Amino acid sequence: MKQVVNSGKDGTSKILNSSQVYITMFVSQALLMLTMNTVYSNGARMQDFLISVGIAFVLNILLLIPTAFLLHLHPGKSILEISRELMGRWAVIVYGIYLLFYITMASYYLSFFELFLANVLDPKISLLMVATAVMGVSAYSAWRGLEAVVRVGEIVAVILVLGFIFLLTALFPKVESIEFLPFFENSFSSYMTGALLLFSRSGALSMVGILIPHTRGRKVGGFLLFNLAFYVIFSLILIVCVGTMGGYLDHWLFPVYSASAFAQTGLLQSMDALFVAMWICGLMTKLSMDLSLSALCCRHISPRVKKWPIFPIAAVSGAISLMICNNQAVQSLFFSLQLLLPILVLTLGVIPIVLLILCLHRKKQEVKGGKADAGQDIPKMAEG
């Protein structure tokens, strides 16, 4: 029999397993595989991403080192709770930055899907209806709670893994070594740019600092396993796609979709329908989690707030996604490194480092205060 769910102060459930959170993170990160391209990669080829994913793997681990130390010093508390403890009323700045971060990430991924529909599937499709439908379903899922989102995430993860297996199986017989060009023909900056593009879109890493402290199970080992599994699958997908279509993929906005449309299996004459289904399932899980965590930030800003901010946040995210699709300058801002990388580093790197410095300073002050109190007690003991 399962235990009764006990909710923490931040609205998260104590019964969540760390594995559930990492699986949901995998689903969110899987969108990177479905949406990667070479448009803003500084001249890199799709093949070059095989080097970039390795760099991004290391960057993910380095980014979370300050968070890991901070959580170790405050066991059982999330970044949001630690902010309130160390910063008092000024913690609202941290809550606001996290809220902006989730709105930005949700807008980015939704806009990319809208561009896919408008450029590939149906140019006449109403993007307003798409944004309304997708955000409406995601908002309802978020309204049901974090437990519902992670449970759906487990199902979607199975769908995604099976889809990737189908794609690998279909493309592997078509791989030809001639399609691979020599590595390191480009400058290292192109590989680094590709890695930073992948790294800047890794918004799912924020779940480590917010949800993992309120879970049970393996935390550090679970993260390393999730990160390794994701990048192994990512590399395999890249190998079969490049080995099948070579440099042809460099000229497409949605290269993995192009490869899936080229693939055939005994069960499916074309994998593109499965690709779209995988993208929709993963996108809705990602958006549901972003909306849930956005509402969590609002709840920290004002404890009287419950779940209702989910819907205005969903509306704002949908509106921004439409603005991205309809404005080339805004697309350049969101799809390059100009916006996503700074806000990711600020949210998941700078904030934990600042909190860690405040924490160590407080502990140092407490030690000094303890020594001063002990020194004042010595004469009294001597007089006695």
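Helices (H or I, at least four residues) and strands (E, at least two) are DSSP runs, numbered from the N terminus. The model toured here is predicted, so local features need pLDDT of at least 70 and side-chain atom pairs count only at pLDDT 80 or more, whereas totals for chains, interfaces and linings use all residues. Residues are numbered from 1 along each chain as its sequence is written, and side-chain values use heavy atoms, with hydrogens and water left out.

Select helix α10, residues 220-245, and find asparagine 227 within it. Asparagine 227 has a relative accessible area of 0% and is therefore buried (buried means under 20% relative accessible area, exposed over 50%, partly exposed in between; 1.4 Å probe, protein chains only). Beyond the residues within four places in sequence, asparagine 227 is in contact (heavy atoms within 4.5 Å) with Phe57, Asn60 and Ile61.

Next, display the largest nonpolar core, which has 122 residues. Such a core is a set of buried Ala, Val, Leu, Ile, Met, Phe, Trp, Tyr and Cys residues joined through side-chain atoms within 4.5 Å. Helix α5, residues 91-121, supplies the largest share of this core, 19 residues. Tyr98, Phe234 and Trp279 have the most contacts inside the core. Centre on tyrosine 98: leaving aside neighbours within four places in sequence, its contacts are Ile79, Leu80, Ile210, Cys297, Thr347, Leu348 and Ile351.

Finally, select valine 94, in helix α5. Valine 94 counts as buried because its relative accessibility is 4%. Residues up to four places away in sequence aside, valine 94 touches Ser83, Met87 and Ile351. A C-alpha to C-alpha distance from valine 94 to isoleucine 301 gives 9.6 Å, although 207 residues separate the two in sequence.
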